Amino acid sequence: MSEDLTENISASPRLGGEIGRAVKENTKLTFSVQKSSKSRLAGKLHYWWCWFAASALLLFAGAPTVAFLWIINQRLRLYPVALWGAKTWLVACGAKVKVIGAEHLEPGRSYVFASNHRSYLDTAALFRYAGRRIGLVAKRELLKAPVLGQGMGFVNIIAIDRSNPERALASMEKARAVMDAGYSFGVFVEGTRAMPGELLPFKKGAFHLAQQTDAPIVPVAIRNSDWMMGKRTGVAYPGEIEMILLPPIETKGRDVMEVLRETRLAVARELER
């Protein structure tokens, strides 16, 4: 482990203890979770409203647009519509997004954004507010979603089949081709949504992608989305998502696990605040 990383881990009692061990061993971490002041009934109603809004957007805006652009063979024109859709859905859910750290990004440079993931809101937030034209890595189950599954390929959202190593490798090769074309890429490096307050072990795929494309890793810490619309909670509440873009980490010539640990420590430090 690098000297800088060791110094950062030793910076506070918890960073030197539980978090330090979890970073070194790449194991699960748990943080405190904010509670909403609204009732659970209000949360359930808001939860179903969010999914009604998503369905309406896909049915009345997504489906006609995907069909039309497919017919005229202009698939890339879906990207601005997808950005609008992501923003509109967040607004419908009462989710404001506060981006911190955008000044760390250099104009014209491609990055791999490595983010934690606790809510469906994260996907829309990262896609819309990363400040780059980006593709995303998603689970293959999303391909089965009507309209969404058909439109994913139009905007460089690549489904990963982690149960099949050969298909997973082919998907990462496709992601590499997207980055070679000048895009950045967003990856939820835990591989799935974590439960509220959790930070799961990081997968290596994003870090291999960054090395293969000589792109820096941008650690992304997303806060508050877990209490706003957390996994298996069945409730949703309006609030402000904080998306912190941390200083990029160079990857060229470095050990993959060293970069992974440095990224995970940066994200964990922000989630601990």
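In strand β5 (residues 157–160), Ile157 and Ala159 point one way while Ile158 and Ile160 point the other, and all are buried, where buried means under 20% relative accessible area, exposed over 50% and partly exposed in between, with a 1.4 Å probe and protein chains only. In a regular strand the side chains alternate between the two faces of the sheet. This is a predicted model, in which local features need pLDDT of at least 70 and side-chain atom pairs count only at pLDDT 80 or more, while totals for chains, interfaces and linings use all residues. Residues are numbered from 1 along each chain as its sequence is written, and side-chain values use heavy atoms, with hydrogens and water left out.

Strand β4 (residues 134–139) runs parallel to β5 and is joined to β5 by four bridges, two strands being paired if DSSP finds at least two bridges between them. Within this pairing, Lys139 stands opposite Ile160. Strands (E, at least two residues) and helices (H or I, at least four) are DSSP runs, numbered from the N terminus.

Turning to the helices, α5 (residues 78–92) buries Leu78, Tyr79, Gly85, Ala86, Trp89 and Leu90. Seen down the axis of α5, these buried residues fall within an arc of 130 degrees, so they line one face of the helix; the arc is that of the directions from the helix axis to the C-beta atoms. After α5 comes Gly94, whose phi is positive, near 75 degrees.

Trp89 is also among the residues that touch the most other members of the largest nonpolar core, which has 45 residues. Such a core is a set of buried Ala, Val, Leu, Ile, Met, Phe, Trp, Tyr and Cys residues joined through side-chain atoms within 4.5 Å.
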